[in-house]
Amino acid sequence: MVVNSARALADRYVNFAWYQARGQSDAHEELAARIGHDPEFCAHLARCLPDGEKQQPNLLLAAVRYLDGPYAEHGPRGDAAYRGWREWTLRHWDDVGAVIMRRRTQTNEPARCATLLPLFARLPQPLALLEVGASAGLCLYPDRYRYRYDERPEFGAPDSSAVLRCRTGPGTPVPDRVPDITWRAGIDLNPLDPADPDDVRWLEALIWPGATDERLRSQRAAREAVRSAPRPRMVRGDLIDTLPALAAEAPPGATLVVFHTSVLAYLPLERREEFARLVRSVLQERDRLGRGPGHWVSNEHHPVLPWIVPPRLVHPLPTTERLLTLALDERPVALTGQHGQSVQWL
């Protein structure tokens, strides 16, 4: 059983290196690939970590960074560097394993607001935002940041130090103002507090090393931009169990927007299908009761919601990463960079 699990885990690391880290983080690409070709180390991981989310490559790599392990900032580094990383990780395994079991992959990338904004701006205002998998809630404040699309003039919250830059493809409806948000709430299995030093340390450990100065600056600036804002309504719990009651709290008259980015991949397909049915039901019930319009905004890799099939772009922006499919009520509208760096309207 361990052998088969180790092989599956090795494939998971190789796929992570090739399809997610490539072109985004040289250090994570190389490190994940070397782990995937290290059967002994993969067997150790298979023995020590339960199947499922605790075997995510992101989680192990972030745990080592969180504990100030080696191999943190640059890559590729070569065989000697990998052996040093491997030896350090095994020597500190009790601590590494404890972090993995205590924490979750909860990347909170405020730059994703730049890819959501063209869609949010087109919906009837004001908005009531409900984010599924909200982490520390930084994506619930698109009105607190400033934006720069390509070389267009900057706009947004006048005094914000968080400037989110984003490339656009032809035809993208770039807005010139932030949305009007009257209510914001989030669901997470373990909500993080952007004012708590230990939670902040974990949030920063989740940012991939190499070429990440901009992402780190954006997150720190975003935390500063929302520091004085009232905290959103954050609910600890399972997204399916908690969604109906929380959605019912959204004020009447506002447009309820249930949204998520790179969250549903952590659920098995049958749970994703159950979630889709639930969101449709929640929005239909809101409409039936006359409380106002509602929309579902999903921003996920295509295989996660396989029934949402985006058409091919005629003039795609150059990129090496797998793009997310941004969809409104299960209708694809754009392809987006997974860390908010680009949006290409369909």
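Modeller: Two strands count as paired if DSSP finds at least two bridges between them, and the strands (E, at least two residues) and helices (H or I, at least four) are themselves DSSP runs, numbered from the N terminus. Please keep in mind that this is a predicted model, where local features need pLDDT of at least 70, side-chain atom pairs count only at pLDDT 80 or more, and totals for chains, interfaces and linings use all residues. Residues are numbered from 1 along each chain as its sequence is written, and side-chain values use heavy atoms, with hydrogens and water left out.

Let us begin with strand E7, residues 255-261. On one side, E7 has strand E1 (residues 127-132) as a parallel partner, joined over 5 bridges. To find this pairing on your screen, look for Leu-127, whose bridge partner in E7 is Thr-255. E7 also runs parallel to strand E8 (residues 294-301), with 6 bridges joining the two. Here Phe-259 stands opposite Val-297 of E8.

Now for burial, where buried means under 20% relative accessible area, exposed means over 50%, and partly exposed lies in between (1.4 Å probe, protein chains only). In E7, 7 of 7 residues are buried. In a regular strand the side chains alternate between the two faces of the sheet. Thr-255, Val-257, Phe-259 and Thr-261 are buried on one side of E7, and Leu-256, Val-258 and His-260 are buried on the other.

Moving on to E8, pick out Ser-298, which has its place in this strand. Ser-298 is buried, with a relative accessible area of 2%. If we count a contact as heavy atoms within 4.5 Å and leave aside neighbours within four places in sequence, Ser-298 touches His-260, Leu-305, Ile-308, Thr-325, Leu-326 and Ala-327.

Three of those names lead us to strand E9 (324-328). E8 and E9 pair in the antiparallel sense, over 5 bridges, and Glu-300 stands opposite Thr-325 in E9. Because 5 of the 5 residues of E9 are buried, this strand is largely enclosed by the rest of the structure. Leu-324, Leu-326 and Leu-328 cover one side, while Thr-325 and Ala-327 are buried on the other.

From E9 the chain goes on to strand E10 (331-336), with Asp-329 in the loop between them. E9 and E10 are antiparallel too, paired over 5 bridges, and the bridge partner of Leu-328 in E10 is Arg-331. The hairpin has 2 residues between its strands, and Asp-329 takes a positive phi near 50 degrees there. Most residues other than glycine have a negative phi, and most peptide bonds are trans. Asp-329 is partly exposed, with a relative accessible area of 34%.

Asp-150 also has a positive phi, of about 55 degrees, although it is not a glycine. You will find Asp-150 in the loop between strand E2 (146-149) and strand E3 (155-156), partly exposed with a relative accessible area of 29%.

Pro-126 has its place in the loop between helix H7 (112-120) and E1.

Finally, let us zoom out to the setting of these strands. The protein has 11 helices and 11 strands. Its radius of gyration, taken over C-alpha atoms, is 20 Å, close to the 20 Å that the globule rule gives for 346 residues, so the protein is as compact as a globular protein of that length; the rule is 2.2 Å times the number of residues to the power 0.38. Along its principal axes, the C-alpha trace spans about 60 × 45 × 45 Å. Buried residues make up 56% of the 346 residues. Among contacts with a separation of 6 or more, 74% come from residues 24 or more positions apart.
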